[in-house]
Amino acid sequence: MHRHPAPPARAGAERLLALFRRAGEGFVSGSRMAAELGVSRTAVWKQVRSLREEGYRIAAVPHRGYRLTGLPAEPLPRELAAGLATAWLGRHLVAYEAVDSTNRAAMQDPALPHGAVVYAFRQTGGRGRLGRAWATPPGSLPFSVVLAPALPPQRAQLLTLAAAVGLVRGIEAAAGAGLDIKWPNDVLWRGRKVAGILTEARSDADRMVRAVVGVGLNVDTPRGAFPSGVGARAAAVTEAAGRPVDVGDLLRAVLTALEGAFDAVLDGDPARLEGLLEAYRGRCVTLGREVTVTERAGAALRGTATGVDDLGALTVRTGDGRTVPVYAGDVTLSSEPLPGRGP
Ligand code: BTN
């Protein structure tokens with residue numbers, strides 16, 4: 001099922017929900033609803049029924065009216081949009097019940113504007129970095145941000161770095177837990193991955209036409225639900241917070257922080273970009289560590305991670321004294337086992 005932002009036909013539902021919001025915990029009588037919406041009481045009842053089908057819990061008590069007692073467990077676009085204070089990010093929201101990959105959907109729908117966010121409750125063909133598959137177990141939320149950045153293609157990595165900083169800030173704001181970043185795209189809590197980022201871009205000769213920044217966010221994923229081999233290295237936001245976290249609040253905080261971080265890359269102000277890179281370096285647990293970088297072709301590079309340069313590459317000082325920029329690859333920190341050699 002494919003849900004677009006409230007089409008005009010849903011305006012009645014929107015107004016009904018606005019009435020409920022104004023009433024807070026209180027009841028709203030059926031006749032008042034009918035009067036405010038300019039429809040019959042039967043039409044109000046039908047509207048209530050269809051909201052219930054979407055997961056809203058609405059109590060109906062004779063002589064008192066209706067009362068909103070619960071929101072859908074999964075955040076619908078209108079619930080996310082209510083209270084979202086961004087200027088451009090997430091002003092256009094698209095939700096799928098299930099989709100192969102939100103990145104694919106975001107890249108392929110030409111109607112989606114800059115700042116659109118596509119999210120799903122289930123992903124059947126999620127994509128990870130370096131051509132890997134990305135599982136979306138229950139309790140994790142995959143979403144993708146559409147950007148039309150006026151940037152040269154070699155700056156795409158900066159969008160990944162910005163997303164990492166935005167995620168750290170947003171998750172910390174909503175969950176109050178301290179997070180780190182592992183270069184380039186892992187958001188960690190106590191060394192375990194809470195979110196991963198995959199940036200994909202379509203470019204012409206000298207600039208990106210469209211970039212999609214995809215985020216797999218483990219909101220409330222039970223430990224046992226991660227694929228085997230991943231569970232020990234994964235964590236959920238609720239675990240980091242030590243309490244339940246409302247997914248709508250979390251996403252609003254994350255989208256707000258992502259907007260600020262993307263602006264630092266997109267608005268062309270060098271001081272702002274430097275500030276973002278400094279924030280990234282300050283959170284990056286890779287820096288100063290002995291690392292082994294396995295690149296796509298399988299070649300391994302060993303050395304000390306000394307910095308993150310202004311294109312987002314990791315700089316590695318090797319034993320023979322060279323400093324090599326690394327643009328992509330799997331980084332293993334010295335205290336970690338090498339990939340493929342067990343947990
Ligand atoms: C990683 O390998 O760490 C990156 C994982 C990124 C996964 C997200 S889930 C939403 C979006 N859609 C995809 O198919 N992939 C990204």
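What follows is a chat about the overall build, some strand pairings and a few individual residues.

Me: Before anything else, what kind of model is this?

Reply: The model is a predicted one.

Me: Okay. How many helices and strands are in the protein chain?

Reply: The protein chain has nine helices and 15 strands.

Me: How much of the protein chain counts as buried?

Reply: Of the 343 residues, 50% count as buried.

Me: What share of the contacts with a separation of 6 or more comes from residues 24 or more positions apart?

Reply: Those pairs account for 60% of them.

Me: Which residues sit on which side of E6?

Reply: One side has Ser140, Pro142, Ser144 and Val146, while the other has Leu141, Phe143, Val145 and Leu147. Both faces are covered, and all of these residues are buried.

Me: What does E6 pair with, starting with E5?

Reply: E5, residues 117-123, pairs with E6 in the antiparallel sense over three bridges. There, Tyr119 stands opposite Phe143 of E6. E6 also pairs with strand E10, residues 208-218, again antiparallel but over eight bridges. In that pairing Leu147 stands opposite Ala211 of E10.

Me: Let's stay on Ala211. Is Ala211 buried or exposed?

Reply: Buried: Ala211 has 0% relative accessibility, and the cut-off for buried is under 20%. Ala211 lies in strand E10. Leaving aside neighbours within four places in sequence, its contacts are Val145, Val146, Leu147, Pro149, Leu159, Glu200 and Ala201.

Me: And how far is Ala211 from Met107, in sequence and in space?

Reply: Ala211 and Met107 are 104 residues apart in sequence and 7.6 Å apart in space, going C-alpha to C-alpha.

Me: Now a helix residue. Where does Ala261 lie?

Reply: Ala261 is in helix H8, which covers residues 247-266. With a relative accessible area of 0%, Ala261 is buried. Setting aside neighbours within four places in sequence, Ala261 is in contact with Ala162, Gly166 and Leu276. Ala261 and Ala87 are 174 residues apart in sequence and 13 Å apart in space, C-alpha to C-alpha.

Me: Back to strands. How many bridges join E11 to E12?

Reply: Five bridges join strand E11 (residues 290-294) to strand E12 (residues 300-308), and the two run antiparallel. Val293 is opposite Leu301 of E12.

Me: What about E12 and E13?

Reply: They run antiparallel too, joined by four bridges, with E13 covering residues 314-317. Val308 has Leu314 of E13 as its bridge partner. The hairpin of E12 and E13 has five residues between the strands, and Gly312 in that hairpin takes a positive phi near 90°.

Me: Which residues have a positive phi although they are not glycine?

Reply: His63 is one of them, with a phi of about 70°. His63 is found in the loop between strand E2 (57-61) and strand E3 (65-70). At 86% relative accessibility, His63 counts as exposed. Leu130 has a positive phi as well, about 55°. Leu130 lies in the loop between E5 and E6, and at 26% relative accessibility Leu130 counts as partly exposed.

How values were computed:
Residues are numbered from 1 along each chain as its sequence is written. This is a predicted model: local features need pLDDT of at least 70, side-chain atom pairs count only at pLDDT 80 or more; totals for chains, interfaces and linings use all residues. Side-chain values use heavy atoms; hydrogens and water are left out. Buried means under 20% relative accessible area, exposed over 50%, partly exposed in between (1.4 Å probe, protein chains only). Contact means heavy atoms within 4.5 Å. Two strands pair if DSSP finds at least two bridges between them.
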